[in-house]
Structure formats: structure tokens, C-alpha cells
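Please keep the sequence and the model in view while reading.

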Amino acid sequence: MNATLSAQPIPTPPDFSVTWERAEDALLFWQPDPLHFPEPMHPLEFDCAARGFACGFNGAAEANDVPIRAQLRRINSYFFQCFHPPMVPHEELMAMAQRFEQRAGALMGRLGERWNSEQLPEIQRNLAAMRSFDLQGASLTDLIKHWDRTVAFVERTWYIHFDLALPMLLAMSMFNDMYADLFGAENALDAYRLLQGFDNKSLETDRALWALSRTARTIPFVREVLTWSAEHEVVPLLEKRADGQAFLRDLHAFLAEYGRRSDTFAIIGVPSWIEDPTPVIKNLRDYVNRDDYDAMAEMQRLAAEREQLIAETRERLHGYPQPVVGQFEFFLKAAQEATVLQEDHNFWLDQRSLYEVRCVALEFGRRFAEAGVIGQADDVFYLTIDEVRQTAETLPWMDRQQRVAERKAEMDHFRHIMPPAAVGTPPPEAPPDNPLFRAITRFFGGPIEPASEPHMLRGNAGSAGVVRGVAKVVRSLAEASKLRQGDILVTATTAPPWTPLFATAAAIVTDAGGILSHCAVIAREYRIPAVVGTGMATTLIRDGQIIEVDGGAGIVRLVDEL
């Protein structure tokens, strides 16, 4: 939100001084987004996100009369965002909020219908068009034209993303509000048990990976290789024998369907599973020697429990006025559809779609590296959208190696520095207490109360249950091999490609996120405790510590001080 001129700027840490792109930016309130972007971002990644937010978030907000606008800045390599009301007279702002309230009901009521009949078919058409272009065979002139189409694809993808995401989050949050109004808010997680046990693309991916591990168990050589070999050795070893090659064909079929993803949200600078199947092989290793887990049976059990709880809840509603009962049923249906779409939209929009953008960028990178204007193909991610086009138009005359080196050095420097919780100028007033801001807070996570005793860490309740175990701090899927069955996963954030680890971990603790974050939603599906949004778990907790996770209370206790 805009700050008044009399407000005092937020002091910045000595190691994170800010040089503002525009002088007026210093008067706004900027926050990082560790839930989606906990690490420094490549310039090309950020540029895609900035174009996406400008066309996506703000476009969808304007189309739906949402009284919020967003701006993004890349500050010291980190993603920072500012949400503020549109610059209109107060009367128009109030009228806009009323129109959105009326429109939101219609949007929530058609979540599943719009996704299945309009949004997903368009996404699939756009993906097919992107894949049909011959990247390697295209002339440079045609590739440059395709770059323009790719930028338009990014903008449209983000528009669909936010056109779905705003009513999706609102549906889950408003269902929680109504449940608490009807039955009390003593247990923040009760309402979400009525949303459990529905299939989604994240769980489907996990089941396909589990099925692949069952195949591996039937081939002694493959099982032996997965059990005893380092992850990077598995593929070369399997290639040496016919039975190993047969399994690799199954693995490649899995990757073709589910491997267009990396270990992060909406990031194009990180290799996909197709390029580096190490995360898949790590999970296969964990699964192959397990016979105590049946993913489909577990989902059916959760669904049966959900239906029993819904029946009991409807019994409790006997005697309530019919409009109240009708409103409860409306929000229940919308929230159930939203819970599925939270994972499905990520599969199609944040993962598959941006994988296609990565492929286009890497083709430019390959050609730039061959011409000697950058050192290697993935150096292209250190350029901006416009710089990619300019470099291609003048190839091979525009040397980018010095610029790439400077930006690499900047990212390497700030990678070891935690960005502050906010920069700029505080807003003149607290955010309004309305359904939209409550939904956003439940997704990103709200302010955390200080710990009431030593060796305690507080966060947001994510998934109920109490577990004590060995903590493993995993900062990326490249480090996931340290996680063993029964360990507690401690990480900055989780994205859907992390979901297979939920079958290995006994509990999860994150730095970022709220009760509606991906981590919390999927932890509830796996019935493992989760405390999310602690802010400092990866800083305070060390590998090998014994910790206790109370997911219902949002508390982590450091039992063993290393």
C-alpha cells in the first residue's frame, strides 16, 4: 500500500542496502516471497515473473474488480513484491470492492466448471502449440519470432493462473471462516478434514512413481542398483544390461508424463526432472524397499473419513435456517474443488508451461554459447527478456560474458545473505480485515507469536499430529538424498515436485507458508504433522538434531541441542 511522506523508511541491514530503480519505490512497502522464491532469482526468471504479474495478477484483478494491484522488483537478486490498492478515488475503490464481493461468489461457484471447460483446454492448446515448434531446426529469424510468441505465452499463462488462483484461495479460506463461525475455531485444522481425500496431479504423480518402484522390485538387478548405488550412478549402470534398459524405458515414460518440472515454483533456471532425474531416482530408492504403503488405499481411507465427517457435520446443521445450510454447502463444494485445483494448476501452469519456456531459452543459450557471446547455454538465464532478443538480433557481435559474470557474482554474493522481512516504507495502516486478505494471509502465512519458552520455534499449524525424530535440513532436491524414512524434513519451502518426499518424511517444518500453502495441504493428505512459516527453521535447526513437531499447535521443540 502507498505510504505517506511522513512515514519513516524501514532501516536496511548493512549487508542488504537497497538502490531503488525508481525514487518513488522507496515510499512503498516491499516484502520478499520466500514461499515461492526463497533463493536469488536469475534475471530472466524474474523478468518472466514480472511480465506475468503485470499481465496476470493485475490483468485478472482488473477484469474481476479485485481491489488490489501488484508490483515486483528484483532487489539484490531477490524477488520482492508490493500489493496496494489501485490508484482510483476512494469512492471508486469502495464500489470496486463491492463489485468484487458480488463477482467472487459466481467465480467460486464455477471453479471446477471453468477449469475443465475453459482454462485447462486453453492451457493444453497453448502447450501443444509451443511443443509443435521445431526449436533446433528453426532459423534464427524464426526463433526470434518464436521468442515473442513465448513472451506472450508467459503473459497468458500467468493471467490464467491468477484468474483461477484468486477465487480458489478465497473459496478455501471462506469455507474455513464459515466453519469456524458455525462450530467454533478451537481447532484451526478441523474444517480442512472435510476437503481431504480428493485426487490431484501431485498425488497422481506420486502414485505413478510408487508404481514404478513396484516394477523395480520385480527386477533383481534394478532393485540392487537402486538400493546400493549412488543416485548419479544408477542410469549408467542400468544402461549396461537388457533388464536395466527395459526399466529405463519405463522411467523415461514416467518422465515424459510427469517430468516437465523442477524442484521449485515457477522457475525456469533449474533443470527439469527430464534433464536431471536424480530426484526421481532418490525417491525410487526410498520406495523400492518399502512394502508398508499403499497410496490408493490411503486416499480411499481419507475419502471415507471425509464423507463420514461431512455426514456428521450435516447432522450438526439440522435446525439451522435453510439459507445458512445452503451457504455451507456452497462453500464446501467450492473449497473441495479449490483444494484439487491448487495442485492441478501448479502441474499445468507453474511446471509444464514454464518448462516449455525453459526449452526455448536454452535453445537461445545453445546458439549464443556456440557463437561465443556467453560461456555456456544456461548463462542465458542471466540475461533479461529484451537482452535475449537483442543478442539474437545482433548475433554474434554482442558479447554478454562480462554482464553474465557480474550478475553471477551478485547472485553468489547474496545467496548467503537472508533478505529482510520488508524494505521501503511501512504502509499507513494495517491491511483490511476482509475475506481476500485473510485468504492471502492463510496462504503466505501470517505473523508468528514469539516462542513462550526456550528451545521452541513457533509457526503456523499446517497438519495435525505430534512426531519426534531426527531433523534433516534440505535446501533443494539435490540434497534430498540425506532424508531417510522417519526423518523430519526441514526446508525453506516445498513445491509440488517435493511431494514424493512426503511418503518418506515423518513430519515437515518450513520457513515459509500458511495453512493453505502447498506443504500444508499435501501434508494433510499424507497425514503427517507439519509446521509451516516458522521464518527461521533452516537457520536454527541443524542436521541430526532431535526435534518434536506439533503440527496442530504450530510448535517445534528442539529436544536435542547439538
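Contact here means heavy atoms within 4.5 Å. With that cut-off, and leaving aside its neighbours within four places in sequence, G535 is in contact with T510 and D511. The model is a predicted one. Its mean pLDDT over the protein chain is 92, and 98% of the residues reach 70 or more. Residues 1-5 have a pLDDT below 50, and beyond near neighbours in sequence this stretch has 23 contacts in the model.

**The sheet of 8 strands**

- An open sheet with mixed pairing is formed by 8 strands, in the order β5-β12-β11-β7-β8-β9-β10-β6.
- The edges are taken by β5 (456-458) and β6 (460-463); each has a single partner strand, so one side of each is left without a neighbour in the sheet.
- On average, and with direction ignored, neighbouring strands of this sheet are turned by 30° against each other.
- Strand β8 (residues 488-491) pairs with β9 in the parallel sense over 4 bridges.
- Within that pairing, V490 stands opposite V509 in β9.
- Strand β9 (residues 507-510) and strand β10 (residues 530-532) also run parallel, joined by 2 bridges.
- On the β10 side, V531 is the bridge partner of V509, and A530 stands opposite I508.

**Side chains of β9**

- In a regular strand, side chains alternate between the two faces of the sheet.
- In β9, A507 and V509 point one way, while I508 and T510 point the other way.
- These residues of β9 are all buried.

**Helix α15 against the sheet**

- Helix α15 (residues 518-526) lies across β6, β9 and β10 and runs at about 40° to β6.
- Of the 9 residues of α15, 9 are buried, so the helix is largely enclosed by the rest of the structure.
- The buried residues of α15 include charged side chains, R524 and E525 among them, as well as H518, C519 and Y526.
- The packing partners of the buried α15 residues are α5, α10 (295-316), α11 (322-371), β6, β9 and β10.

**The loop residue G535**

- G535 lies in the loop between β10 and α16 (537-540).
- Is G535 buried, partly exposed or exposed? Its relative accessibility is 41%, so G535 counts as partly exposed.
- R458 is 77 residues away from G535 along the chain, and the C-alpha atoms of the two are separated by 8.8 Å.

**The sheet of 4 strands**

- A separate order, β2-β3-β1-β4, describes an open sheet of 4 strands with antiparallel pairing.
- Here β2 (69-75) and β4 (423-424) stand at the edges, each with a single partner strand, so one side of each is left without a neighbour in the sheet.
- The antiparallel pairing of β2 with strand β3 (residues 78-84) extends over 7 bridges.
- R73 stands opposite F80 in β3.
- Helix α1 (residues 43-63) packs on this sheet and touches β2 and β3, with its direction making about 170° with that of β2.

**Helices α7 and α9**

- Two packed helices are described by the angle between their axes and the distance between the axes.
- Helix α7 (residues 231-238) packs on helix α9 (residues 278-288) at an angle of about 90°, and the axes are 9 Å apart.
- Angles of 65 to 115 degrees count as roughly perpendicular, which makes α7 roughly perpendicular to α9.
- From α7, the residues making the contact are E231, V234 and V235; from α9, they are T278, I281, K282 and R285.
- By class, the residues of the contact of α7 with α9 are 3 nonpolar, 1 polar and 3 charged.

**S213 in helix α5**

- S213 is placed in helix α5 (residues 201-217).
- S213 has 0% relative accessibility and so counts as buried.
- Which residues touch S213, leaving aside its neighbours within four places in sequence? They are L284, Y287 and V288.
- Helix α5, which holds S213, is also one of the elements against which the buried residues of α15 pack.

Technical notes. Residues are numbered from 1 along each chain as its sequence is written. This is a predicted model: local features need pLDDT of at least 70, side-chain atom pairs count only at pLDDT 80 or more; totals for chains, interfaces and linings use all residues. Side-chain values use heavy atoms; hydrogens and water are left out. Two strands pair if DSSP finds at least two bridges between them. Axes are lines fitted to C-alpha atoms, for helices over the stretch in contact, and angles run from 0 to 180 degrees between N-to-C directions. Angles under 35 degrees count as roughly parallel, over 145 as roughly antiparallel, 65 to 115 as roughly perpendicular and the rest as oblique. pLDDT is the predictor's confidence in each residue, from 0 to 100. Buried means under 20% relative accessible area, exposed over 50%, partly exposed in between (1.4 Å probe, protein chains only).
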